[in-house]
Amino acid sequence: AASAVLGTSTLNAPEHPVLFTLHLFNLTLALDYWMTFGLGIIILGLSIISLGWLELWSSKKSLYTRGVYAFSRHPQYIGFLLLIWGWAIAWPTILTLAMAPVLTVSYIDAAHKEEKELTNLQGYKEYASKTPFML
């Protein structure tokens, strides 16, 4: 009864091996292998999103084809997909596992819609013929 009050379980659940712990603001966060792997994917996704935004903002061009845009026509969507799936890997809850496929389909659909709007832009057809849609 005391364990139920304290929120602990009397079951012998297997422990996750901890890679490292962080001590922030009087809280301890322990990261296991999957959380660390997912966090790495999240950081990669955020980096791609940030780099894409920075490149577009600083270019002031209507069609930007260098930097991360030389490898993919939609690198920011790739970044968002990495963020979504990294989150699902690191913290697999019912919500993250249910929403990851839904958001994936939504972002791919948004990229296809964006493609239709960009086809009339000067130079886009040539760019699209040389650069992958995503990866």
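# Questions about a predicted model

Mentor: Let's start at the largest pocket: H3 gives the most to its lining, with four residues. Keep in mind that this is a predicted model, where local features need pLDDT of at least 70 and side-chain atom pairs count only at pLDDT 80 or more, while totals for chains, interfaces and linings use all residues. Residues are numbered from 1 along each chain as its sequence is written, and side-chain values use heavy atoms, with hydrogens and water left out.

Trainee: What makes something a pocket and not a cavity?

Mentor: Both are sets of points on a 1 Å grid over the protein atoms alone. In a cavity a 1.4 Å probe fits but cannot get out, whereas a pocket is an open set with protein on both sides within 12 Å along at least five of seven lines. A lining residue has an atom within 4 Å of a point. Here, 17 residues line the largest pocket, and Leu56, Tyr69, Arg73, Glu114 and Leu118 lie nearest its centre.

Trainee: How much space lies in the largest pocket?

Mentor: About 300 Å³. The volume is the space filled by probe spheres set on the points, with grid points joined across faces, edges and corners.

Trainee: How do the lining residues of the largest pocket divide by type?

Mentor: They are 11 nonpolar, three polar and three charged. Nonpolar covers Ala, Val, Leu, Ile, Met, Phe, Trp, Tyr, Cys and Pro; charged covers Asp, Glu, Lys and Arg; the others, Gly among them, are polar.

Trainee: Why is Glu115 called buried?

Mentor: Buried means under 20% relative accessible area, exposed means over 50%, and partly exposed is in between (1.4 Å probe, protein chains only). Glu115 has 11% relative accessibility, so it counts as buried. This residue sits in helix H4.

Trainee: Which residues does Glu115 touch, beyond those up to four places away in sequence?

Mentor: Arg73, His74, Tyr124 and Phe133. A contact means heavy atoms within 4.5 Å.

Trainee: Why does Ala100 count as buried?

Mentor: Its relative accessible area is 1%, so Ala100 goes in the buried class. Ala100 is also in helix H4, and leaving aside neighbours within four places in sequence, its contacts are Ile84, Trp85 and Ala88.

Trainee: And what makes Leu103 land in its class, buried, partly exposed or exposed?

Mentor: Leu103 comes out at 30% relative accessibility, so it is partly exposed. Leu103 lies in helix H4 and, beyond four places in sequence, is in contact with Leu81 and Ile84.

Trainee: Where is Val68, and how do you know whether it is buried or exposed?

Mentor: Val68 is in the loop between H2 (33–59) and H3. Its relative accessible area is 15%, so Val68 is buried. From Val68 to Leu51, 17 residues apart in sequence, is 7.5 Å between C-alpha atoms.

Trainee: What about Phe25, buried or exposed?

Mentor: Phe25 has 81% relative accessible area, so it is exposed. Phe25 belongs to the loop between strand S1 (18–24) and strand S2 (27–32).

Trainee: What is worth noting about phi in Phe25?

Mentor: Most residues other than glycine have a negative phi. Phe25 is not a glycine, yet its phi is positive, about 50 degrees. Asn26 has a positive phi too, near 65 degrees. Asn26 lies in the loop between S1 and S2, and with a relative accessible area of 83% Asn26 is exposed.

Trainee: How do you know how confident the predictor was about the chain?

Mentor: Look at pLDDT, the predictor's confidence in each residue, from 0 to 100. The chain's mean is 87, and 88% of its residues reach 70 or more.

How values were computed:
Helices (H or I, at least four residues) and strands (E, at least two) are DSSP runs, numbered from the N terminus.
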